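Dear colleague,

Please find below the structure that I am handing over to you. My notes on its helices and its sheet follow directly after it.

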Amino acid sequence: MQVLHMNKGNGDTSYAKNSTVQSKIISVGKPIMKEAVLEMLCNNVIESMGIADLGCSSGPNSLSVISEIMDTVEAANRLLGRRLVSEFRVFLNDLYSNDFNNIFMSLPAFYDRLKEEKGLELESCFILAAPGSFYGRLFPTNSLHFVHSSSSLHWLSQAPARLESNALKRLNKGKLYISKSSPQSVVDAYLLQFRNDFSLFIKSRSRELVAGGRMVLSFMGRSSTDPTTENSCYQWELLAQAIMSLAREVYILLFSFPMFRFNYMHVVVSCVT
């Protein structure tokens with residue numbers, strides 16, 4: 001929680017420049033998001049609408065979600081001939097080391113578009129950062145009307161506790177996730193961790209959402225009940241192979257240059273385990 005983050009900035013290897021897949025997922029979910037917002041507005045006139053984007057990361061995707069929600073509200077305003085929402089309170093959430101500065105630097109242009117395209121003044125939209133893990137409380141009770149999260153909830157809060165407590169047994173040696181070679185105990189450990197995390201997520205949001213609020217979530221899934229299918233694990237298998245290859249290179253370095261042995265031993269242990 002303290003150190004993990006997507007690549008910062010706007011460089012060639014940054015998340016901002018390499019998040020087109022996540023952008024497509026958001027686009028696919030837009031009809032569902034619009035429907036959820038409209039259902040909520042049909043029964044409520046909201047003085048101050050609380051919106052949270054959980055796992056916002058950095059780059060253009062984070063504000064595109066907010067813009068889409070505002071577009072939906074403005075369309076409802078025009079359709080009904082009255083203003084249903086007086087102001088927006090927007091909370092952008094991610095882990096503490098997320099590149100929030102990248103988002104904040106784009107806010108002036110975002111506010112200009114709000115004024116030009118939607119006629120919204122700066123005083124009608126308040127955008128704030130809410131750093132921390134969404135596997136726990138982030139906001140005051142009954143403060144949110146709409147919660148959105150995309151491409152985030154498939155990340156666990158930690159390595160499964162059962163695997164960490166049995167690390168010396170190397171139950172999942174050479175692997176980063178569930179694979180064909182993983183014993184059932186590894187599958188059970190990941191399942192239990194996901195259940196605990198997701199239950200805590202739902203419990204936390206149930207306290208923060210107002211009655212009649214809405215939540216739209218999208219995250220990685222699979223069409224098969226078998227967690228070891230290629231479409232579930234292919235990308236993790238490639239990453240595992242890359243790390244094991246790195247470990248072998250470090251071993252060669254150790255044997256070739258014994259004076260480096262103690263400097264690199266912790267890297268070898270981490271990779272192989």
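In this predicted model, the axes of helix α1 (residues 20-42) and α2 come within 10 Å and cross at roughly 30 degrees. Axes are lines fitted to C-alpha atoms, for helices over the stretch in contact, and angles run from 0 to 180 degrees between N-to-C directions. Helices (H or I, at least four residues) and strands (E, at least two) are DSSP runs, numbered from the N terminus. Residues of α1 in contact (heavy atoms within 4.5 Å) with α2 include Ile 26, Met 33, Val 37 and Leu 41, and among their counterparts in α2 are Val 65, Ile 69, Val 73 and Ala 76. By class, this contact of α1 with α2 has 9 nonpolar, 4 polar and 3 charged residues. Here Ala, Val, Leu, Ile, Met, Phe, Trp, Tyr, Cys and Pro count as nonpolar, Asp, Glu, Lys and Arg as charged, and the others, Gly among them, as polar.

Helix α2 (residues 60-80) also meets helix α4 (residues 107-118); their axes come within 12 Å and cross at roughly 15 degrees. The two helices are therefore roughly parallel (angles under 35 degrees). In this contact, Leu 63, Ile 66 and Met 70 are among the α2 residues, and Phe 110 and Leu 114 are among those of α4. The contact of α2 with α4 has 6 nonpolar, 1 polar and 3 charged residues. Just after α2, Gly 81 takes a positive phi of about 70 degrees.

The strands form an open sheet of 5 in the order β3-β2-β1-β4-β5, with parallel pairing (DSSP finds at least two bridges between two paired strands). Its edge strands, β3 (125-129) and β5 (209-218), each pair on one side only. Strand β1 (residues 46-54) is joined to strand β4 (residues 144-150) by 3 bridges, and Asp 53 stands opposite His 148 in β4.

Helix α2 lies across β1, β2 (85-93), β3 and β4, and runs at about 165 degrees to β2. Helix α6 (residues 184-208) packs on the sheet as well, touching β1, β4 and β5.

Residues are numbered from 1 along each chain as its sequence is written, and side-chain values use heavy atoms, with hydrogens and water left out. As the model is predicted, local features need pLDDT of at least 70 and side-chain atom pairs count only at pLDDT 80 or more, while totals for chains, interfaces and linings use all residues.

Yours sincerely

Note on methods: Angles under 35 degrees count as roughly parallel, over 145 as roughly antiparallel, 65 to 115 as roughly perpendicular and the rest as oblique.
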